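Let us begin with the overall layout and then look at a few helices and residues.

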Amino acid sequence: MTEIHLLEQYLSLDYAIFTILGYPLSLLEFLGTTSGLVCVYLASRNHILTWPIGIFNSICFLFLFFQIQLYSDMLLQVYFFGSSIYGWIIWRKRTGQFTKIVSLGRNKNLFVIFLLIVGTFGLGFFTKHLPVWFPNLFVKPPDYLYWDAFTTVTSIIANLLLAQRKLESWFLWVFVDIVCIVLYSLKNIPFVTVEYVIFLIIAVYGSWHWYKEYKENQKYFPSST
């Protein structure tokens, strides 16, 4: 029982390890932020270690988002946990860098946009009713309902496309990061907000790096999409 209480203490956002410019930084926010930065940078460099680090990151952020009532983001971490295992297997099987980066093409991109719209409103409806369906677990109502749902749905699709090495994955990450910067700033988690500013920079770099490799592939495999 003592170990459980100790774990709850460490996982609480009230458990600060130090203060930055008057802001008490919790252990959970620190671990989630640093592991997330490493994970995204490794992804932009096509490194397979992005996936095991992503597993750890999703565990940290699951507990963090639950405590600040961003329930769509919380549920997203469950998906990230599973998709990180999937990506790890796929990249290891295909040896990562040797799998060509390809584009979805116009029709599939239109379908992705359709999924984003339907998924955002569907997930928003679902998380809106969580406090009604599970009042003992979800005591407070969700904040920024549909913006939170949008970042969750877009992240799911972007992460899946990343695992399949589709060029459009990084373009979606750019949109996600922009919305998250505003969202987390409003939720007063500045360390995570700064993390997403860095994520945005990395996503722009990842878009350029993958696009350059994609164009190189087109020289040798012009029929690939």
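Along the sequence, the protein chain runs α-β-β-α-α-α-α-α-α-α-α. That pattern comes from 9 helices and 2 strands. Please keep in mind that this is a predicted model. Of the 225 residues in the protein chain, 46% are buried. Taking contacts between residues at least 6 apart in sequence, 71% of them link residues at least 24 apart.

| Helix | Residues in helix | Span | Expected span at 1.5 Å a residue |
|---|---|---|---|
| H2 | 18 residues | 26 Å | 26 Å |
| H3 | 18 residues | 26 Å | 26 Å |
| H7 | 19 residues | 27 Å | 27 Å |

After H2 comes Asn46, with a phi of about 65°. Gln69 follows H3, and its phi is near 60°. Just after H7, Arg165 has a phi of about 60°.

**How H2 meets H3**

Two packed helices are described by the angle between their axes and the distance between the axes. What are these values for H2 and H3? Helix H2 (residues 27-44) packs against H3 at an angle of about 145°, and the axes are 8 Å apart. The crossing of H2 past H3 is left-handed. On the H2 side, the contact is made by Leu28, Glu29, Leu31, Gly32, Thr33, Ser35, Gly36, Val38, Cys39, Leu42 and Ala43. H3 contributes Thr50, Ile53, Gly54, Phe56, Asn57, Cys60, Phe61, Phe63, Leu64 and Gln67. Sorted by class, the contact has 12 nonpolar, 8 polar and 1 charged residues.

Which residues of H2 are buried? They are Leu28, Glu29, Gly32, Thr33, Ser35, Gly36, Cys39, Val40, Leu42, Ala43 and Ser44. In H3 (residues 50-67), the buried residues include Thr50, Trp51, Gly54, Ile55 and Asn57. Further along H3, Ser58, Cys60, Phe61, Leu64 and Phe65 are buried too. An α-helix has 3.6 residues a turn, so residues three or four places apart point the same way.

Ile59 also lies in H3. Is Ile59 buried or partly exposed? Ile59 counts as partly exposed because its relative accessible area is 39%, which falls between the cut-offs of 20% and 50%. Val78 is 19 residues away from Ile59 in sequence, and the two C-alpha atoms are 8.0 Å apart in space.

**The cysteines**

A disulfide is a covalent bond between the sulfur atoms of two cysteines. How many disulfides does a search of the whole structure find? The search finds 0. Two of the cysteines are worth a look for their surroundings. Cys60 has a relative accessible area of 6%, so it is buried. Cys180 is buried as well, with a relative accessible area of 2%.

H7 is mostly covered, with 14 of its 19 residues buried. The loop between helix H7 (145-163) and helix H8 (168-186) holds Arg165. Arg165 is not a glycine, yet its phi is positive. Because its relative accessible area is 2%, under the 20% cut-off, Arg165 counts as buried.

Leu167 has its place in the loop between H7 and H8 as well. Leu167 is buried, with a relative accessible area of 4%. Which residues does Leu167 touch, not counting those up to four places away in sequence? They are Ile101, Val102, Ser103, Trp210, Tyr211 and Tyr214. Ser207 lies 40 residues from Leu167 in sequence, and 7.5 Å from it in space, C-alpha to C-alpha.

**A tyrosine in H4**

Tyr86 lies in helix H4 (residues 71-94). At 35% relative accessibility, Tyr86 is partly exposed. Leaving aside neighbours within four places in sequence, Tyr86 is in contact with Leu160, Ala163 and Gln164.

Definitions and conventions
Residues are numbered from 1 along each chain as its sequence is written. This is a predicted model: local features need pLDDT of at least 70, side-chain atom pairs count only at pLDDT 80 or more; totals for chains, interfaces and linings use all residues. Side-chain values use heavy atoms; hydrogens and water are left out. A disulfide is a pair of cysteine sulfur atoms within 2.5 Å. Buried means under 20% relative accessible area, exposed over 50%, partly exposed in between (1.4 Å probe, protein chains only). Helices (H or I, at least four residues) and strands (E, at least two) are DSSP runs, numbered from the N terminus. The expected span of a helix is 1.5 Å times one less than its number of residues. Axes are lines fitted to C-alpha atoms, for helices over the stretch in contact, and angles run from 0 to 180 degrees between N-to-C directions. A crossing is left-handed if the near helix is turned anticlockwise from the far one by less than a right angle, and right-handed if clockwise. Contact means heavy atoms within 4.5 Å. Ala, Val, Leu, Ile, Met, Phe, Trp, Tyr, Cys and Pro count as nonpolar, Asp, Glu, Lys and Arg as charged, and the others, Gly among them, as polar.
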